[in-house]
Amino acid sequence: METNLENNKITEDISDSEEYRFSYNFINEPWDDRSDKSKIGIITLLLATFLAIMALVTNNLLLHYRGFDPESLYRNFEIDCNVIKVEDHPYAARIHSMTSNELICVGAVISHTSILANELCLKSGPIRLRLGSPFNPRCKKGFGVDSIEVIPHEGLITKSLVILTTFENMVHCIRTVKIAKKYDKKKQFVIIGRHFRRGKSLSLQLANYDPAYIVSKELFRNINQNKTICVQSIGKCPVRVGDLLLQRGQLLGLASMSIYQREKAQTACFANLSIIYKEIKILDPTVEFI
């Protein structure tokens, strides 16, 4: 009997002690017992956590796709490009991003101080020009851009070409290209552009004039086709904005648009440079037209 009394007393002592008394806190308090302020605090905390997670996911996606290679979408399609060395075509300037050093597009060396390019080449931020052989100590460091002049052109989606001017000495790294006012529709054209491997090489493909081609009104309704030269290339090499169109070694145009899936679109259009003859000569009188 005394033992039972002692046990009951011990139990009462334990249940009354602060150490063993159960109490609710912010984490385990039942929802229905919480105040409105507590409920709002929990909802705010959950919402803040969710937004923080989404921000991290978005940031990771942006970092991943910033260096995304759009050509990877078309790896299932056959790409067949003729690879040429950059030093073999010193009139083709390579325009690189200063941030990533990525080759953005190509331009044309039209004088000893001027590079003609598509305005879209400037949309990725600060750029640096690379000319001539990458193995030539005078050329491999590249050249900065000292001024940019915009020339309106309705044969482009961007509606503008640009003349990039540098006051650095490029003479040992370049050969200028003359701009032709006329072209022969019966002779072959040459397209020189950025190679999909983005190395120290360019792509070259042959093309024929396409008189029957009509620019899609849905995709390219902003392009004035009367101010373009449309050609049908031979092969399955992509054409990218700013690629050069030449005939008999003379420059005729810069690509108005990018065409990656050549099995679906064999024809590419180029901004006709002859229609902006006066504008180019005003900005740089040394540019040669023939």
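Two strands count as paired if DSSP finds at least two bridges between them. Strands (E, at least two residues) are DSSP runs, numbered from the N terminus. The model on screen is predicted, so local features need pLDDT of at least 70 and side-chain atom pairs pLDDT 80 or more, while totals for chains, interfaces and linings use all residues. Residues are numbered from 1 along each chain as its sequence is written, and side-chain values use heavy atoms, without hydrogens or water.

**The sheet.** Select the six strands that form an open sheet with antiparallel pairing, in the order β5-β2-β3-β4-β7-β6. β5 and β6 are at the edges with a single partner strand each, so one side of each has no neighbour in the sheet.

Next, select β3 (residues 103-109) and β4 (residues 114-118), which pair in the antiparallel sense over two bridges. A108 stands opposite L116 in β4.

**K140.** Go to the loop between β5 (127-130) and β6 (147-152), where K140 is found. Beyond residues up to four places away in sequence, K140 touches R130, S133 and P134; contact means heavy atoms within 4.5 Å.

**D243.** Now select D243, in the loop between β10 (228-233) and β11 (244-247). Leaving aside neighbours within four places in sequence, its contacts include V106, I191 and F270. Which polar atom lies 2.9 Å from the side chain of D243? The backbone nitrogen of R240 lies 2.9 Å from a polar atom of that side chain.

Note on methods: Helix = DSSP H or I, 4+ residues; strand = E, 2+ residues; numbered from the N terminus. Polar contact = N/O pair within 3.5 Å; in protein donor to acceptor, adjacent residues only side chain to side chain.
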